[in-house]
Amino acid sequence: EFPTSFYGAAMLGKNWTIERPLVMVGGNTSDSWIATHLMKTVSSDGRMRRWQWEFRKRRRPPKMGTWYVESIGSSDKDGNFIADA
């Protein structure tokens, strides 16, 4: 009923918005192999979270050159990202 994960918020939440388009680390070139993406969700009970997606490009066969999700980081309740100490 109250989604707390990205998957719950995205599927069962009130809405989601893309806050920043895909950013290729090192510029938008074929040499880039890391990308980030920032979005915001509002859950069904009104809680807001921001999510930072990190994508990586496979650099070895098989599937060399394809992208995959490396991680999805969650913000705190105020939308701030806090680095682990």
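Predicted model: local features only at pLDDT ≥ 70, side-chain atom pairs only at ≥ 80, totals over all residues.
User: What pattern does the chain follow when read along the sequence?
Analyst: The chain has 1 helix and 4 strands, and its C-alpha atoms fill a box of roughly 45 × 25 × 25 Å along the principal axes. Read along the sequence, these elements give the pattern α-β-β-β-β.

User: How far from Lys57 is the nearest side chain of opposite charge?
Analyst: Lys57 has its place in strand 3, residues 48-57, and beyond four places in sequence it touches Ser30, Ser32, Trp33, Gly65, Thr66, Trp67 and Tyr68. Although Lys57 is buried, it has no salt bridge, since a salt bridge would need a carboxyl oxygen within 4 Å of the side-chain nitrogen. The nearest side chain of opposite charge belongs to Asp31, at a distance of 7.3 Å.

User: Is Ser32 buried or exposed?
Analyst: Ser32 sits in the loop between strand 1 (15-24) and strand 2 (34-42). Leaving aside residues up to four places away in sequence, Ser32 touches Met24, Val25, Gly26, Gly27, Lys57 and Trp67. Its relative accessible area is 3%, and because the cut-off for burial is under 20%, Ser32 counts as buried.

User: How far apart in space are Ser32 and Gly46, C-alpha to C-alpha?
Analyst: Ser32 belongs to the loop between strand 1 and strand 2, and Gly46 is 14 residues from Ser32 in sequence. Taken from C-alpha to C-alpha, the separation of Ser32 and Gly46 in space is 37 Å.

User: How many residues apart in sequence are the parts that the pair Arg50 and Glu19 ties together?
Analyst: The side chains of Arg50 and Glu19 meet in a salt bridge of 2.8 Å, N to O. Arg50 lies in strand 3 and Glu19 in strand 1, so the pair ties together parts of the chain whose distance in sequence is 31 residues.

User: Which residue meets Asp45 in a salt bridge?
Analyst: Asp45 is partly exposed, with a relative accessible area of 34%, and Arg47, at 33% relative accessibility, also counts as partly exposed. With an N to O distance of 3.0 Å, the salt bridge of Asp45 is formed with Arg47.

User: What is the N to O distance in the salt bridge of Glu54 and Arg56?
Analyst: The count of salt bridges comes to 4, and the pair of Glu54 and Arg56 meets in a salt bridge too. Arg56 counts as partly exposed at 22% relative accessibility. The N to O distance between Glu54 and Arg56 is 2.6 Å.

User: How far apart are the mean positions of the positive and negative charges of the chain?
Analyst: The chain carries 13 positive and 9 negative charges, where Lys and Arg count as positive and Asp and Glu as negative. The mean positions of the two sets are separated by 6 Å.

Definitions and conventions: Residues numbered from 1 in each chain as written. Heavy atoms only, no water. Helix = DSSP H or I, 4+ residues; strand = E, 2+ residues; numbered from the N terminus. Buried < 20%, exposed > 50% of the residue type's maximum accessible area, 1.4 Å probe, protein only. Contact = heavy atoms within 4.5 Å. Charge placed at Lys NZ, Arg CZ, Asp CG, Glu CD.
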